[in-house]
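The structure comes first, then my notes.

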Amino acid sequence: MADFSDIYDQEQMKEHMQYVLKTDKASHAYIISGEDGSGKEFIARIFAKALQCSNRQEKDGEIEACGLCPSCIKAMSDNHPDIITITHDKPASIGVDDIRLRLRDDVVIKPYESKYKIYIVPEGEKMTIAAQNALLKTLEEPPSYIIIIILTNNLNAFLPTIISRCIVLPTRPVRDEVIKKYLMENCHVVDYKAELAAAFARGNIGKALELSSNERFENLKNETIDLIVKLENLEIYQIMERVHALLEPAEGEDKNSKKGIDMKQYEDFADILLFFFRDLLVFKATENTDHLIFTDKVSYISSVTKKCSYDDISSILKDIDIAKNRISSNVNIDLALELMLIGIKEHL
């Protein structure tokens, strides 16, 4: 299991956790918030391991778990009796019975071998109102030895009374250069691919890891740029046929689809378009390739910027934004995509 030194660009959160470890003044409840892939559970488990460690040590100015004591060994194998992950029977919600049986009724039992009994609640936003009210009873009169760490991608899903009794620790976007360095040094991702993944991840290191090893994303990127290159020679029905093929749900991913389109794939498709035409704008303004994301498409970018005006590229970027807003507002997806691509074609 990793240590605090493996948490990137979360200085405010780390500072709070380090203070807790140095003073032994832990709160009874924390909420770690951030989008999926931002490392919430990764951070929570590092914190839990250090809290339970019987022989903490200072390394490079930070208090870390020793990694050698019986508590650390059990934590690293996800087999610690006093670090409990709250699971739930229904995938879409955490019900009142889940909280009652796995947490509220369990807290009366003292820790088996450690100072604390730590409960980690992934996907906390899925707690029903009844489940939150059941949790609230524990938060109002917690035993001295319990620590509850709730993980969520939506802080607004919680009752104000829950939030007021927790210390909220939001994750922050990780800098692109930090993500790129991590991918290259720890995952042996080649530089151009690491830069692309970092740009598309928008500060989410988990998403960057997924994109850097996702063959489907790589194919989507290449096919999307190929579509743009050939756009002026295609009829609209041919364009839409290619778009449907690109955005067709993969096997087993129908739950993420909307009218035959994989919405996650669509989001990546829209981002590819947005970043690509931003590259055109940057290159037209600077004629410099240093800040381009699509460094392997410099030849095409150069040729397009010679015939496209600033107004043309700005109009294309506006068309992409309009399409994204229309689709998020439940306008017909095919119509929104068709209007966007017609607009792009007219300006290329």
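Entry 1: I am working with a predicted model. I looked up how α10 (residues 215–230) packs with α12 (residues 263–286), and found an angle of about 50° with the axes 10 Å apart. Angles from 65 to 115 would count as roughly perpendicular and those under 35 as roughly parallel, so α10 and α12 are oblique to each other. I noted their crossing as right-handed.

Next I listed the contact. From α10 it takes Arg216, Phe217, Leu220, Lys221, Thr224, Ile225 and Ile228. From α12 it takes Gln265, Asp268, Phe269, Ile272, Leu273, Phe276 and Phe277. By class I have nine nonpolar, two polar and three charged residues in this contact.

**Entry 2: the largest pocket.** I read a volume of about 440 Å³. It has 17 lining residues, and those closest to the centre are Glu35, Lys207, Glu267, Asp268 and Asp271. Two or more residues each come from α8 (191–201), α9 (205–212) and α12. I see α12 giving the most, with seven. The lining has 10 charged, five nonpolar and two polar residues.

Entry 3: Of 15 lining residues, I find Asp6, Tyr8, Gly39, Phe42 and Ile205 closest to the centre. The elements giving two or more residues are α2 (40–52), α7 (176–186) and α9. The largest share, three residues, is from α9. I wrote down eight nonpolar, six polar and one charged residue for this lining.

Note on methods: Residues numbered from 1 in each chain as written. Predicted model: local features only at pLDDT ≥ 70, side-chain atom pairs only at ≥ 80, totals over all residues. Heavy atoms only, no water. Axes fitted to C-alpha atoms, helices over the stretch in contact; angles between N-to-C directions. Helix = DSSP H or I, 4+ residues; strand = E, 2+ residues; numbered from the N terminus. Parallel < 35°, antiparallel > 145°, perpendicular 65-115°, else oblique. Left-handed = near helix turned anticlockwise from the far one by under 90°. Contact = heavy atoms within 4.5 Å. Nonpolar A, V, L, I, M, F, W, Y, C, P; charged D, E, K, R; others polar. 1 Å grid on protein atoms, 1.4 Å probe; cavity = no way out; pocket = protein on both sides within 12 Å on 5 of 7 lines; lining within 4 Å. Points joined across faces, edges and corners; volume = space filled by probe spheres on them.
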